[in-house]
Amino acid sequence: MILSQFDHQQTAIINPGDVIQALPDFPKTVVTCFARTTFARILAEVPHRQIAKTSMANLEIPVYELDFHGEKIGFFNSYVGASSCVAVLEDIIAMGAENLLVFGTCGVLDNSIKETSIIIPTSAIRDEGTSYHYAPPTSEIALNHTYRKQFKQFLDAQNISYTEGKVWTTDGIYRETHQKTANRKTQGAIAVDMECSAIAAFANFRKINHFQFFYSADNLDSEKWDPRSLANDADLERKDRIASIALHFATQVFK
């Protein structure tokens with residue numbers, strides 16, 4: 001298999017620094033989310049200014065600096081999908097970021113997990129292609145070992161419930177079949193997403209500080225798919241609270 005041919009060489013033919021310049025005073029800590037409505041609501045509530053931009057071939061991505069209770073935090077709306085998401089993260093690190101917190105939705109593979117509740121991934125099944133360019137081939141990758149205990153203490157102090165477990169990261173959003181889902185559940189997965197394993201591999205490869213958590217959205221643990229709170233405009237008050245949790249934790253943990 002081609003994806004088994006991992007190359008440890010740090011320097012590639014095209015490198016982020018070849019196309020992206022390091023920016024003076026770029027925030028060391030960056031927070032990013034995937035949901036555009038949540039992103040827009042944060043910008044509407046928190047003082048900010050645009051400090052940079054990057055792009056994919058068909059989309060420009062502005063990068064902002066938030067003034068969050070006196071703390072400067074980088075902030076941008078992540079591209080969905082492992083390959084594009086990591087390509088943009090490469091640009092953000094090249095600009096000068098050192099600490100990364102990612103939050104976003106996931107589907108649940110355990111219908112006992114409540115809607116819009118926090119899930120802390122402990123490992124990710126690597127059913128996508130990008131991670132294999134950043135880490136040797138394995139079926140799973142561990143993550144969040146550095147800051148998980150602190151995040152749990154942070155949530156416990158606010159009496160916020162959460163679930164810990166393995167996530168299944170897949171590129172094939174329309175190929176999450178009943179059989180594949182059953183297999184991933186047998187492996188211990190409680191949730192499914194599209195970027196987590198790739199982000200973890202990237203963060204390890206680039207040696208940056210990294211933490212990621214989810215809030216539950218659609219339910220795949222049923223005979224018929226249930227979108228629940230997947231829509232961008234669903235359950236906005238709880239999503240706002242989760243965004244606030246992400247920003248507060250990032251300012252506390254990355255010191």
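Strands pair here if DSSP finds at least two bridges between them. Helices (H or I, at least four residues) and strands (E, at least two) are DSSP runs, numbered from the N terminus. The model is predicted: local features need pLDDT of at least 70, side-chain atom pairs count only at pLDDT 80 or more, and totals for chains, interfaces and linings use all residues. Residues are numbered from 1 along each chain as its sequence is written, and side-chain values use heavy atoms, with hydrogens and water left out.

Stay with strand 6. Strand 6 also pairs with strand 8 (residues 162-170), in the parallel sense, over 9 bridges. There, isoleucine 118 has tyrosine 162 as its bridge partner. Strand 10 pairs with strand 6 too, in the antiparallel sense, over 2 bridges. Isoleucine 119 meets phenylalanine 214 of strand 10 as its bridge partner. Strand 6 is mostly covered, with 8 of its 10 residues buried. Buried means under 20% relative accessible area, exposed means over 50%, and partly exposed lies in between (1.4 Å probe, protein chains only).

Next comes the loop between strand 6 (118-127) and strand 7 (140-142), where threonine 138 has its place. Threonine 138 has a relative accessible area of 40%, so it is partly exposed. Leaving out residues up to four places away in sequence, threonine 138 touches Arg126 and Tyr132. Contact means heavy atoms within 4.5 Å. Threonine 138 and arginine 126 are 12 residues apart in sequence, and their C-alpha atoms are 7.6 Å apart in space. Arginine 126 in turn lies over the face of tyrosine 132, at 4.1 Å from the ring centre. A charge sits over a ring if NZ of Lys or CZ of Arg is within 6 Å of the ring centre and within 35 degrees of the ring normal. Arginine 184 lies likewise over the face of tryptophan 168, at 5.7 Å from the ring centre.

Rings also pair with rings. Rings of Phe, Tyr and Trp (its six-membered ring) pair if their centres lie within 6.5 Å; planes under 30 degrees apart count as stacked, over 60 as edge-to-face and the rest as tilted. The count comes to 13 aromatic pairs. One of them is edge-to-face: tyrosine 134 and phenylalanine 202, 5.9 Å centre to centre, with 80° between the planes. Tyrosine 134 lies in the loop between strand 6 and strand 7 and phenylalanine 202 in helix 6 (residues 196-206), so the pair ties together parts 68 residues apart in sequence. Tyrosine 134 is buried, at 15% relative accessible area. Phenylalanine 202 is buried as well, at 0%. Phenylalanine 151 and phenylalanine 211 make a tilted pair, because their ring centres are 4.9 Å apart and their planes are at 55°. This pair links helix 4 (residues 148-157), which holds phenylalanine 151, to strand 10 (residues 209-219), which holds phenylalanine 211, and the two residues are 60 apart.

Now to the nonpolar cores. A nonpolar core is a set of buried Ala, Val, Leu, Ile, Met, Phe, Trp, Tyr and Cys residues joined through side-chain atoms within 4.5 Å. The largest has 43 residues, and among those with the most contacts inside it are Phe76, Leu89, Ile199 and Phe202. Elements that give two or more residues to this core include helix 3 (82-95), strand 5 (99-108) and strand 9 (189-193). Helix 3 supplies the largest share, 9 residues. Leucine 89 touches Phe76, Leu100, Ile199 and Phe202, not counting residues up to four places away in sequence. A second, separate core of 33 residues includes Ala35, Phe103, Ile120 and Phe254.

Two hairpins remain. Strand 2 (residues 48-56) and strand 3 (residues 59-68) run antiparallel, joined by 8 bridges. Their hairpin passes through 2 residues. Threonine 54 has isoleucine 61 of strand 3 as its bridge partner. Strand 3 also runs antiparallel to strand 4 (residues 71-77), with 5 bridges. Leucine 66 stands opposite isoleucine 73 in strand 4. In this second hairpin, histidine 69 takes a positive phi near 50°.
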